[in-house]
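Have a look at the model first, then try each task before reading on.

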Amino acid sequence: VKVDDSKSVANYKNIIFVATIVDGKLTALDYSYSFDATLKIKAGLTITGTGEASITGKYTNITY
């Protein structure tokens, strides 16, 4: 299976980062974003698809 990079496109939107800073130091980082994508995959035959996704994440307990 091979993803055709020249035919695959992702459009990112609604990108949000929220940093928590205590005493001048980053202690947590929350993020979220969504994207729509078009993929072209070759696996003996060619498959093209589109879709949407959203991702959220959080880094906590950041220490120095």
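**Exercise 1.** Find the bridge partner of Val3 in strand 3.

*Solution.* Start at Val3: its bridge partner in strand 3 is Ile41. Next, step back to the elements: strand 1 (residues 2-3) pairs with strand 3 (residues 25-42) in the antiparallel sense, over 2 bridges. Strands here are DSSP runs of E with at least two residues, numbered from the N terminus, and two strands pair if DSSP finds at least two bridges between them.

Two notes on the model: it is predicted, local features need pLDDT of at least 70, side-chain atom pairs count only at pLDDT 80 or more, and totals for chains, interfaces and linings use all residues. Residues are numbered from 1 along each chain as its sequence is written, and side-chain values use heavy atoms, with hydrogens and water left out.

**Exercise 2.** Work out how strand 2 and strand 3 are joined.

*Solution.* First, the two strands run antiparallel and are joined by 12 bridges. Within strand 3, Ser32 stands opposite Ile16. Finally, look at the turn: the hairpin leaves 2 residues between the strands, and Asp23 there has a positive phi of about 50°.

**Exercise 3.** Describe the hairpin of strand 3 and strand 4.

*Solution.* Begin with the pairing: strand 4 (residues 46-59) and strand 3 are antiparallel over 14 bridges. Then pick a pair, Ala37 opposite Gly51 in strand 4. Between the strands lie 3 residues, and Gly44 takes a positive phi near 85°.

**Exercise 4.** Is Phe17 buried or exposed?

*Solution.* Locate Phe17 in strand 2 (residues 9-22). Its relative accessible area is 55%, so Phe17 is exposed (buried means under 20%, exposed over 50%, partly exposed in between, with a 1.4 Å probe and protein chains only).

Note on methods
Helix = DSSP H or I, 4+ residues; strand = E, 2+ residues; numbered from the N terminus.
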